[in-house]
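This report looks at aromatic pairs and nonpolar cores. The sequence and model come next.

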Amino acid sequence: TVDKDWLVCDRLVHSAIDCSKNGTTSVALPITLMSDMFDCITLDVCEELFHIVEKHVATWASEPFFTAGKNLLLRMCNDLLRRLSTSQNTVFCGRIQLILTRLFPLSEKSGLNLMSQFNVENVTKFDYKGSSSKEKSNSKKEVTDSEVVDYVLYTKFWSLQDFFRSPTQCYHDLNWKKFVDNASAVLAAFSSHKLEHVSKKRKHSEHKSVVTSDGADQQRYFAKFLTSEKLLNLQLNDSNFRRTILVQLLILFQYLTGEVKFKSASQKLKEKQSSFVKDTTSKVYELLKETPPDGEKFAKYVEVN
């Protein structure tokens, strides 16, 4: 069983650590054992046995283990991440990333984007051919929703993701006009559609669990939002969804106005563009403060960091 295997492997790694401390074996042996162990087992078992890595994280961060084994640890974790799906194995990926952040400083070169490269392959797909008008309904709720989101707002909303994945587009005048139009429309929709009622709900909604084939209850997490036109009205009522979009805007503005080593001389905002960024940044922070729960606290934390 997995529990029995976990105990056997944990004892083996613990023994290797003791031998390394006593000078009987090389310092890198415990990490090499774990790396070989993960290479020859399935991902489900890897997820269970990764507790061994987490249990001894203080050991890996101490000398002489860190100096001798940091490259092995990094390679082992990266090999696991390459085998995992970021959408289906989000929790396990997060556990691995947390271990890396505890072991390596923020200045570690392997974790830095030194060349200021963007993941332009991260394309957000949505329906360009949807109807330009909503179906009318006698329901008062549906009429209200149609006033919040129509197809024009839907396309402007998801078109922003293209600027987030490749911010350098904003330095071209034609693209900048499109970005300003899209961002202004989205922020206007956020401003006109408040979320006061959300604060009355429980802070932590209950996630429905999915029963897997082996009978175990597991929660499913997905890294990207769904982009159906029919869902956007509901998504606008999600405070986490709003915060994600607003923080994305702040990150984009920080890049556009910041000093980046690999920017070309032409990649500089004009005075009018800088003024728009400044005014819109203030508006974004106001919207973050108005977004429950704990809007003031969340906005202050984002501004400090």
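## Aromatic pairs

The count comes to 16 aromatic pairs, where rings of Phe, Tyr and Trp (its six-membered ring) pair if their centres lie within 6.5 Å, with planes under 30 degrees apart stacked, over 60 edge-to-face and the rest tilted. The model is predicted: local features need pLDDT of at least 70, side-chain atom pairs count only at pLDDT 80 or more, and totals for chains, interfaces and linings use all residues. Residues are numbered from 1 along each chain as its sequence is written, and side-chain values use heavy atoms, leaving out hydrogens and water.

Phe 118 and Tyr 255 pair edge-to-face, with ring centres 5.1 Å apart and planes at 85°. Phe 118 sits in the loop between α6 (90–103) and α7 (140–148), and Tyr 255 in helix α11, 137 residues apart. Helices are DSSP runs (H or I, at least four residues), numbered from the N terminus. Phe 118 is partly exposed at 30% relative accessibility. Tyr 255 is buried at 14%. Buried means under 20% relative accessible area, exposed over 50%, partly exposed in between (1.4 Å probe, protein chains only).

## Charges over rings

Lys 263 lies over the face of Tyr 255, 4.6 Å from the ring centre. The charged end of Arg 243 sits over the ring of Phe 298, 4.3 Å from its centre. The rule takes NZ of Lys or CZ of Arg within 6 Å of the ring centre and within 35 degrees of the ring normal.

## Nonpolar core

The largest nonpolar core has 40 residues; Phe 157 and Phe 190 are among those with the most contacts inside it. Such a core joins buried Ala, Val, Leu, Ile, Met, Phe, Trp, Tyr and Cys residues through side-chain atoms within 4.5 Å. Helix α11 gives the largest share, 9 residues.

Key: Helix = DSSP H or I, 4+ residues; strand = E, 2+ residues; numbered from the N terminus.
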